[in-house]
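Please open the model in a viewer and keep the selection panel at hand.

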Amino acid sequence: MDARLSVGEELDLGTAGRSAGDQFVFGGDLTSTEGGEEHVVGSIGGFCVTTDLERNAGQCASTAVLPEGQITVQGRQAGIPVPGPVVNAVTGGTGAFRRAHGQVTQRVLTPATWQLTFGLLDVRPYRPEDGRGPDEAPRPVRPSLPGK
């Protein structure tokens, strides 16, 4: 899946010029070429905070929003705002991704187009009508009787 950024802003915070605490804020569409034609499958948004000037690196967090739920990602990246290939941790999610863990590999194709490859574990179907997945169906419980 590709991230097609429509927002990519560098924020110069604190000391003028490149300094610790500066941020890169981004957002855009997630696209897929399944079936040979590109179509939008979701959106992505996030930010990076510069923490290491020598390596032009910082801590980044993002959220991919898909019809089945959200996937959150976090980790360190060098080369902000255009990092080289990087692997970050999947830190959680919602819906079908509520128990997901794993990693995402990000490759920069252009400054505004990133290729994202998610390696997810423990993704389960989600039933929005009752807020539970199939493994969370209610189970009968014996009532406890005081004094017995």
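**The enclosed space**

The largest cavity holds about 160 Å³ of space. Here a cavity is a set of points on a 1 Å grid over the protein atoms alone where a 1.4 Å probe fits but cannot get out; points are joined across faces, edges and corners, and the volume is the space filled by probe spheres set on them. Select Phe 26, Ser 62, Val 73, Gln 77 and Gln 106, which lie closest to the centre of this cavity among its 16 lining residues, a lining residue being one with an atom within 4 Å of a point. Next colour strands S3 (39-52), S4 (57-66), S5 (69-78), S6 (86-93), S7 (101-110) and S8 (113-121), the elements that each give two or more residues to the lining. Strands are DSSP runs (E, at least two residues) and helices likewise (H or I, at least four), numbered from the N terminus. By class, the lining comprises eleven nonpolar, five polar and no charged residues; Ala, Val, Leu, Ile, Met, Phe, Trp, Tyr, Cys and Pro count as nonpolar, Asp, Glu, Lys and Arg as charged, and the others, Gly among them, as polar.

This is a predicted model, in which local features need pLDDT of at least 70 and side-chain atom pairs pLDDT 80 or more, while totals for chains, interfaces and linings use all residues. Residues are numbered from 1 along each chain as its sequence is written, and side-chain values use heavy atoms, with hydrogens and water left out.

**The whole chain and its core**

Zoom out to the whole protein: the secondary structure consists of zero helices and eight strands. Of the 148 residues, 32% are buried, meaning under 20% relative accessible area, with exposed over 50% and partly exposed in between (1.4 Å probe, protein chains only).

Now select Phe 26, Leu 30 and Ile 71, the residues with the most contacts inside the largest nonpolar core, which has 19 residues. Such a core is a set of buried Ala, Val, Leu, Ile, Met, Phe, Trp, Tyr and Cys residues joined through side-chain atoms within 4.5 Å.

**Thr 113**

Move to Thr 113 in strand S8. Thr 113 is buried, with a relative accessible area of 11%. Its side chain makes a polar contact with the side chain of Arg 4 (3.2 Å).

**Two positive phi values**

Select Asn 56, in the loop between S3 and S4, where phi is near 50°. Finish at Asp 122, in the segment after S8, with a positive phi of about 65° although it is not a glycine.

Terms used: On a 1 Å grid over the protein atoms alone, a cavity is a set of points where a 1.4 Å probe fits but cannot get out, and a pocket is an open set with protein on both sides within 12 Å along at least five of seven lines; lining residues have an atom within 4 Å of a point. A polar contact is a pair of N or O atoms within 3.5 Å; within protein, one must be able to donate a hydrogen and the other to accept it, and residues adjacent in sequence count only if both atoms are side-chain atoms.
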